[in-house]
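Please report on the model shown below. Begin with the ligand site, then move on to the helices and loops.

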Amino acid sequence: MLELRQLEKRYATGDLALKGVSLRVEAGEVLGLIGPSGAGKSTLIRCVNRLVEPSAGQIIFDGQDITQLNAAGLRRVRRQIGMIFQEYALVERLSVMENLLSGRLGYTGFWASWLRRFADDDVAQAYSLLDRVGLSGMENKRADALSGGQRQRVGIARALMQSPKLLLVDEPTASLDPKTSRQIMRLILELCQERGLAAIVNIHDVVLATEFLPRIVGLRAGSIVYDGSAAGLDHAVLTNIYGDEDWTAITQRMQATARGLTDHDDRAARDRAFVAAA
Ligand code: ADP
């Protein structure tokens, strides 16, 4: 459903952020994009919906090249691509419901949206999504009155308002505590499964990535250096992606997680597993 062909991005500063990236994502496939800061992860996902203009290469989405679309074509395609942001990108002084309905702006005519008149169907869908993400009864709260986890739930529901086929997810948990991070990752993954959505999840936490995402793509200095299973991320692969580090602690956490010790309340069992794996 999505194919990047030799995608390149050179910023006006001269930085070559993507150096000919090729990648296929099948319908319903969810992958994690990992790599050190500056590797090009956020450039890559922003090129897919042309929030960042690629310098060269093709982005084939459902058979059409996104890089060649005019403004109207791009608007149509963007309706099928939802985005979830690290800092949520909510309108702080608007209510949860208003933030959700703004996810339908691509569908609602300018004057209707200006007057904030939305179709009853959209309002019904918003209520149903709020319920699904665990925010029922919160529709009239202002976004700035919510916790980080609740804001991200609004961000997720808003991205789903446009019934996308593909989700671009940029560091969804980077501003959240570890427990909330896991809840948010689980919610995103469940929603992708329920709705058959493909997703590219840009995520810096390797352990969280391997716990939730079966396919991992490793980016280093603008090039893909790994594309394979989460289980295949061993010392050599991690060193190739991130450079020389002592990966022992990370790989032990990954092994403990793989054995099912994922509950934060079960810290002692986790500790025992780390010691046993040493
Ligand atoms: P990551 O998301 O993996 O941290 P980025 O995509 O943000 O990586 O950045 C990749 C490279 O592109 C870095 O060298 C960064 O400095 C550069 N870069 C990112 N955004 C811009 C920009 N708006 N202008 C110029 N250079 C940028």
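How do the residues of the shell around the ligand divide into nonpolar, polar and charged? The shell holds 4 nonpolar, 6 polar and 2 charged residues. The model is predicted.

**The ligand site**

The residues around the ligand are Tyr-11, Thr-13, Asp-15, Ala-17, Pro-36, Ser-37, Gly-38, Ala-39, Gly-40, Lys-41, Ser-42 and Thr-43. Helix α1, residues 41–48, supplies the largest share of this shell, with 3 residues.

The table sets them out.

| Residue | Atom in the residue | Atom in the ligand | Distance |
|---|---|---|---|
| Tyr-11 | polar side-chain atom | nitrogen | 3.4 Å |
| Gly-38 | polar backbone atom | oxygen | 2.7 Å |
| Lys-41 | N or O atom in the side chain | oxygen | 2.9 Å |

On its own, the ligand has 560 Å² of accessible area, and the protein covers 62% of that.

**The protein as a whole**

The protein has 278 residues, and 49% of them are buried. It contains 11 helices and 10 strands. Take the contacts with a separation of 6 or more: residues 24 or more positions apart account for 67% of them. The protein exposes about 12,900 Å². Carbon and sulfur atoms supply 48% of that area.

**Helix α6**

Helix α6 runs over residues 148–161 and has 14 residues. From first C-alpha to last, α6 reaches 20 Å, close to the 20 Å expected at 1.5 Å a residue.

Why is α6 described as largely enclosed by the rest of the structure? The reason is burial: 12 of its 14 residues are buried, so the rest of the structure largely encloses this helix. The buried residues are Gly-149, Arg-151, Gln-152, Arg-153, Val-154, Gly-155, Ile-156, Ala-157, Arg-158, Ala-159, Leu-160 and Met-161.

What do the buried residues of α6 pack against? Their partners are strands β6 (81–84) and β7 (166–170), along with helices α3 (96–101), α5 (120–132) and α7 (178–195).

Gly-149 gives a close view of this packing. This glycine sits in helix α6. Its relative accessibility is 11%, under the 20% cut-off, so Gly-149 counts as buried. Leaving aside neighbours within four places in sequence, Gly-149 is in contact with Leu-176, Thr-180 and Ile-184. Asp-177 is 28 residues from Gly-149 along the chain, and the two C-alpha atoms are separated by 8.7 Å.

Ser-181 lies in helix α7. Is Ser-181 buried or exposed? Ser-181 is buried, with a relative accessible area of 5%.

**Positive phi values**

Most residues other than glycine have a negative phi. Some residues here go the other way.

Ser-163 follows α6 and has a positive phi, near 45 degrees.

Ala-89 has a positive phi near 55 degrees. This alanine is in the loop between β6 and α3. What is the relative accessible area of Ala-89? At 40%, Ala-89 is partly exposed.

Glu-171 has a positive phi near 45 degrees. Its place is in the loop between β7 and α7. Glu-171 is buried, at 10% relative accessible area.

**Thr-67, a buried loop residue**

Where is Thr-67? It is in the loop between β5 (64–65) and α2 (71–78). Its relative accessibility is 18%, and buried means under 20%, so Thr-67 counts as buried.

Which residue's side chain joins that of Thr-67 in a polar contact? The partner is Asp-65, at 2.7 Å. Beyond its neighbours within four places in sequence, Thr-67 is in contact with Arg-50, Pro-54, Gly-57, Gln-58 and Ile-59.

Terms used:
Residues numbered from 1 in each chain as written. Predicted model: local features only at pLDDT ≥ 70, side-chain atom pairs only at ≥ 80, totals over all residues. Heavy atoms only, no water. Near = heavy atom within 4 Å. Polar contact = N/O pair within 3.5 Å; in protein donor to acceptor, adjacent residues only side chain to side chain. Areas by Shrake-Rupley, 256 points an atom, 1.4 Å probe, with all protein chains shown as cover. Helix = DSSP H or I, 4+ residues; strand = E, 2+ residues; numbered from the N terminus. Nonpolar A, V, L, I, M, F, W, Y, C, P; charged D, E, K, R; others polar. Buried < 20%, exposed > 50% of the residue type's maximum accessible area, 1.4 Å probe, protein only. Contact = heavy atoms within 4.5 Å. Expected span 1.5 Å × (residues − 1).
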